Amino acid sequence: MPPTDRPAGQFCRRTRREFLWQAGGSFTGLALAGLLDQTFFARQTRAADGTPYANPLAAKLPHLAPRAKSVIFLFMYGGPSHVDTFDYKPALYPLDGQTVKVKTKGRGGERSESRVVGPKWKFSRYGQCGKWVSDLFPHVARHVDDIAFVHSMTADSPIHGSAMLQMNSGKIQSGAPCLGSWVTYGLGSENENLPGFVVMLDPTGGPISGAKNWASGFMPATYQGTLLRSKGPPILDLAPPDDMPLEAQRALLDALRAENTAHLLSRGDNTELAARIAAYELAWKMQEHAPEAVNLARETEETKRLYGLDTPRTADFGRRCLLARRLVERGVRFVQLYSGGAHNDDNWDAHGDLVKNHEFHAGNTDQPVAALLTDLKRSGLLDTTLVIWGGEFGRQPTAEYAEGTGRDHNALGFTMWMAGGGIKGGVSVGETDELGSAAIAPVEGEKPGFHVKRLHATVLHCLGLDPNRLSYFFGGLDQKLVGVEPVEPIREVLA
Amino acid sequence: MPLVCSPWHRPAVAAWIVLVSGAASSAAVDFQRDVQPLLARRCYACHGPDEQESGLRLDGRAAASATLDSGQRAIVPGDPAASAMLSRVTSNDPDLRMPPEGEPLSATQVEMLRAWIVAGADWPEHWAFRPVSRPDVPMDDAAAHDDGLNPIDAFITVALDRRGLQRPRPAPKAALLRRATYSVTGLPPTEAEMRDFLGDESPGAWERVVDRLLASPHYGEHWARHWLDLVRYADTNSFERDGGKPHAWRYRDYVIRAFNHDKPYDLFLVEQVAGDELPNPSSDALVATGWYRLGLWDDEPADKLQARFDWLDDLVSTAGQTFLGLTINCARCHDHKIDPLPQRDYYALLAFFHNITPMGDRQMNPDFIERALPDEGGSLAEVRDHEEEIARRRNEARANIKAIERRLEEHGPQALDDLTRRDLDTWKQLLAEIDAEDRKRPRGLVVTEYGTEAPDTFILFRGNPHAEPATEHRVTPGFPRILGAAAPTIVPVPEANSSGRRTALARWLASAENPLTARVMVNRVWQHHFGRGIVRSPSNFGLMGDPPTHPELLDWLASEFVAGGWRLKRLHRLILLSAAYRAATTGDETSATRDPLNDAFWRFDPRRLSAEELRDSIHVASGVFNPKMYGPGVFPDIPAEVKAGQSKPGDGWGTSPTAEQCRRSVYIHVKRSLITPILADFDLADPDTPCPVRFTTTQPTQALGMMNGSFLQGQARLFAARARQEALAAATQPGSADADTARIVRRVIEIALVRRATEAEVARGVALVNRLEEADGVSPSRALELYCLMVLNMNEFAYLD
């Protein structure tokens, strides 16, 4: 509160107008944000210290006018090679086999020179925008006019464990809530019969660090990701055991409600007791409705074919992409799909035979991913659904070993893409150097590339959440997904 | 306007009434309770210790009332018209109005500031940084005695009376016993204990219960868990491999024993912080230092130096929040934005830990983190002698083996005669025996230092470990300045091969002069009995924390705790014997309206069982509970669907025999990336960061697990078998089916809810069982199991009055 002789518009080294812009963007936004400050955020942030709170997953209003309501994050676990997929590097082909001076940092440590592995696929131009895409993705390539590519992504770690945590939670240590947790914390869920944050794993297994990748960390468990299986009962404990028929279970629930209601009579001021009574009824409804969300019987044959359910290669990822559309359609806020699981060549971690690895994973996912974009678009859902594609990092342009085509990890520059709600299609922003080894600065002297935090800020922004204001009070700090320093969304990709 | 309390009176409204009437305003506004938290939350981010926009600093009276460059003064004590702060917070011009973010201050808040300025802008030092006082008990002994009140109640009653709130009614005896048995031991009372207490109308009945509970070994298990939450205890390191920490469970056992043996809290702290530096450290003192090894550890960091400082930061954060209630971690990159903790204080505290060895490099280094432990009453010197002897024998055996093998390599198999061949076998066997003998000696997870000389510590610009260190930024180990302690005296400890820095820290932490240590701990004890601390933010006693609802009581308890030799059981006893603890959860409506958050303790707040309490109570009800204490962690069965989330399903998870799985939840192996579902569902503390207050969430997925999950289904089955067996064994003659069902139903209620069943309840139970039998495919025995499942799901089972 400065009584000051400086211009009145000065605030925190920003002009008042800049501040208004950053805080809200518009009068409505600011008014809304102010309202939220006093009610929703104030209450939520105190909850960690024991103040009671209610309905943590009830749908909430965002800070700003949202462009997207839901997110589908197609996580290409292991780290796809950008120079073999979407980051076209013509200069790299003729260097194949030559040893060049290039700084790299991967799981095998830092190097200053290595043997180039030329890109193993041909690139062609697609769409109105003329985007170069490799032969690995002939189906996705047809959607480039809806996609914004970010070619200069950077992350802090070239090691799977910590890089996975950073892509999912912003921090390289575990203990912080994941992106999906932040989103459901900020916006709640629009369907109480389904979890707000859903994770579908690859059939080969979970990623490294397992549940840490969908944990709510220091936030309540309400915001953690729920594993959803594409076969069998979709959610843990959703199906009653065979020797508890539904009719019996209903009788049990009725009796339970009667006992709990009697118990509540003399304890009417304890809202938790009433909430727990309601939770059993919600569980009953989930049990009834969640299987419907994963039941594909009412999808047309054409749709199933579109996603590749009729082909063994694409059937699994196709099924999960189709489920993702059905979940988003039903108001699930954040859906994350893993392409690749477990270790080594079960995911995109191509240390050995690059061609074999990438042909396999791209072949499993290209048609389903394209189908998801097609399907979302034709149903109008793409306008309100943000689709993200990418891994925890990219790969080096050079060989990891003396022999072979295997590439080591690369967090200094890699590609991710986004499409849908709030995203401008047909654009490519940021670039790596001519070898694709590292992101370069858009303006000389500036920081190279777009850090993972910028991606997270973009996602929150598209959902109408201000990345620099969405906070959760913990450990004496207003914790934010993007950290304490202000982070801008990648404005170049915003529609 | 009237000053009396009307039925719709609320504290804030009352303050407003007093203020606008202009009467006794200084008495109505409390700087600590009303003004300081407002300034901290709404102003300090830009006008506090770290930043001073426009030169204004609002975290001290002198600075806040100084003349600024503009010639104005934000606060002019006694002169609201001249105080620019008031015009800025009330300005209608959005470009001028402060604070710029969020809602403007409310009329009540503005009037409160005005009244405070009118009254002279009194600015006492933050309560938590002042030395602990010894307030007089505000009630004379005779009056207290007549009302059956103890000193705690004197403080609470005086405040209740002052606010015109009614004193609470006592809780029914059954509810009280159940409440206390859980809050002391984490388990339900037995039926015999309930019977005894309900039947004991003699004087001293409650005291006897309290003493019995505090003597129970289950007390240590339950209270250890509270401590383990604070020190982010886990048996693994997280990150990619989430590998095991060797012998971490011994630390868990140490904490259980410390509580059970009523180890003085000052010693408990000293052992954890510097047990290894004590003269001739005991096994306990060494194991206690496992405290340093409990956190996350990245075995493959992308940036080694950064990872090293992140690891040290974890220690500073945990120590600051857990021991001191200070969020000193906020001063890593810049001065604390709210509390008077400069960045220098952070690095001065970090310096105490700077010489500690890491967990290892890629592999955990046993020389750094493990140590053979002395026997009970034995010394480390004996251990060393023993280790040297083992090493000597091992080297001899190895040398002989090597020599023979070299001969074999050089000359081929024909070079060895039978005798030498036998020799080789003998040496190899001997080596195996030596190794076995070595393994038999218990080892602990411990702290070690690099040596007696510690490295220099520098303030890191923006917290960046790669920043160039500057000589003027060198810091020596020191305590937060605001707490006014003398500089530490540091004496290296060559016997421990360590710098002695941690001993200096430990001595200060555990001193009666430390204004925070005792306050923070008594508040935690209070918190776990009453469901909330006197300070609601138990790990944040700073300016952003909640002010104490009963500051004098807090200080009185803290001084009593220290005077009583830092003994926790004495403190528990004092609390448990208070009328406040024995209060009913019901209260009058007026109090509920005037004090909805129960700031004044006009009743006892009900609570849900914790995750562990719930799981353990289910085992108790089903009859399979295994009270075995101590030892390596156990592995309850985890559904395959959950293990499927791992990159190698089942990796790092063992199998334990059924009986072992029925031990208390505190003995479950804590694998950071694989938490037992029922515990995760019911808000177990996240093991990655210190957890001062657990959440209590209520959500449908809990209900799914409690109805459909394999754990509950299995337990309901066991429970039904137990109840049937006990109910029918007690029956003198065979009855009708309905009569048998009624007996079993009655028994189920008695076991699970530890009370007599009402006839109406039994009738409802029998009706349910009969109705279930009519459902398809439900046999009579299955119907009883489902009835048991229903009872385990009852709110009465999961909640305490």
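This is a predicted model: local features need pLDDT of at least 70, side-chain atom pairs count only at pLDDT 80 or more; totals for chains, interfaces and linings use all residues.

Modeller: Residues are numbered from 1 along each chain as its sequence is written, and chains are lettered from A and ligands numbered from 1 in the order in which they are written.

Biologist: Into which domains is chain A divided?

Modeller: Domain bounds come from an automatic or database domain assignment. For chain A they give domain 1 (10-49), domain 2 (70-234 + 294-493) and domain 3 (246-284). The C-alpha centres of domains 2 and 3 of chain A are 42 Å apart. Chain B has domain 1 (11-125), domain 2 (264-367 + 451-509), domain 3 (375-441), domain 4 (607-697) and domain 5 (708-800). Between the C-alpha centres of domains 3 and 5 of chain B the distance is 62 Å.

Biologist: At what angle do α3(B) and α7(B) pack?

Modeller: Helices are DSSP runs (H or I, at least four residues), numbered from the N terminus. Axes are lines fitted to C-alpha atoms over the stretch in contact, and angles run from 0 to 180 degrees between N-to-C directions. Helix α3 (residues 31-42) and helix α7 (residues 107-118) of chain B pack at about 115 degrees, with axes 11 Å apart.

Biologist: Which residues of α3(B) and α7(B) meet?

Modeller: Residues are in contact if their C-beta atoms, placed from the backbone, lie within 7 Å. F31(B), D34(B), V35(B) and L38(B) of α3(B) meet Q109(B), M112(B), L113(B) and W116(B) of α7(B). These divide into 6 nonpolar, 1 polar and 1 charged, where Ala, Val, Leu, Ile, Met, Phe, Trp, Tyr, Cys and Pro count as nonpolar, Asp, Glu, Lys and Arg as charged, and the others, Gly among them, as polar.

Biologist: What follows α24(B), and how many residues has that helix?

Modeller: Helix α24 (residues 551-563) of chain B has 13 residues. The helix α24(B) is followed by G565(B), whose phi is positive, near 75 degrees.

Biologist: How many residues of chain A are in contact with chain B?

Modeller: The size of an interface is often given as the accessible area lost when the parts come together. Counted by contacts, 84 residues of chain A touch 98 of chain B. On the chain A side, α5(A) gives the most, with 10 residues. By class, that side has 41 nonpolar, 27 polar and 16 charged residues.

Terms used. Helices (H or I, at least four residues) and strands (E, at least two) are DSSP runs, numbered from the N terminus. Two residues are in contact if their C-beta atoms, placed from the backbone, lie within 7 Å. The expected span of a helix is 1.5 Å times one less than its number of residues.
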